[in-house]
Amino acid sequence: MFEFASVRPEGVALHSIGYPTPKPASPYAEFHSASYQQQTTRKVLWSIELMQIPRLALIKLSFMLFYKRIFAKGKGKAFKGLIHGMVGLIVCWIIAFSFNHLFVCKAHRSHYWTSLANEKEDCNNSTRLHLGYARSDFCFDVAILLIPMPLI
C-alpha cells in the first residue's frame, strides 16, 4: 500500500484519480489520443504495478525464510534444498517480471500511457503479461502454502 500512498496524491491533485474521466470528442480521438488525466492515471497505475512485483516477491521470500527457520531444523538436506530452490525461483520471478513490466513498450516507455494506438503499435501484449503474472503469482502462493503440509 505504500506505493499507492506515495503516488496517489499526485493523481488526486491533477484530477486523474477519484474524478470522472473526461469523454473523448470522437471514437477516433479515444483511440489515438489520451487526455492529460488519462495519461496521469496510466502513469500512476504503471508505477504501482512496477512496485507491486518486488513487494509481493519479498512477502513470498519472507515466508520461505520463515519456513526455513521453523521447519528445516533437523529435517535433512532435501527440505533445505527445496526452500533454497524456491527462493531461487522467486528471485528469478522478481527479475523476469520486473524487467518485462519495465520494458513492456521496448524503448518507448511513454507509449504505454500516451494513447491506445501507440500502445497497440509499440508495446507487447500487456494483457498476456498481466495474466502470466497473476497465474504465476497464484502458483507460487499455492506452492508456498503446500510446502510445510507434510511436516505438520
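Biologist: Is the crossing of α3 and α7 left-handed or right-handed?

Modeller: A crossing is left-handed if the near helix is turned anticlockwise from the far one by less than a right angle, and right-handed if clockwise; here the crossing of α3 and α7 is left-handed. Please keep in mind that this is a predicted model, in which local features need pLDDT of at least 70 and side-chain atom pairs count only at pLDDT 80 or more, while totals for chains, interfaces and linings use all residues. Residues are numbered from 1 along each chain as its sequence is written, and side-chain values use heavy atoms, with hydrogens and water left out.

Biologist: At what angle do α3 and α7 pack?

Modeller: Axes are lines fitted to C-alpha atoms, for helices over the stretch in contact, and angles run from 0 to 180 degrees between N-to-C directions. Helix α3 (residues 36-71) and α7 pack at about 15 degrees, with their axes 11 Å apart, and they are therefore roughly parallel (angles under 35 degrees).

Biologist: Which residues are linked in a network of salt bridges?

Modeller: A salt bridge is a side-chain nitrogen of Lys or Arg within 4 Å of a carboxyl oxygen of Asp or Glu, and the network here links K60, D137 and D141. The closest N and O atoms of D137 and K60 are 2.5 Å apart, and this pair joins helix α7 to helix α3 across 77 residues.

Biologist: Is K60 buried or exposed?

Modeller: Buried means under 20% relative accessible area, exposed over 50%, and partly exposed in between (1.4 Å probe, protein chains only); K60 counts as buried because its relative accessibility is 4%, whereas D141, at 31%, counts as partly exposed.

Terms used:
Helices (H or I, at least four residues) and strands (E, at least two) are DSSP runs, numbered from the N terminus. Angles under 35 degrees count as roughly parallel, over 145 as roughly antiparallel, 65 to 115 as roughly perpendicular and the rest as oblique.
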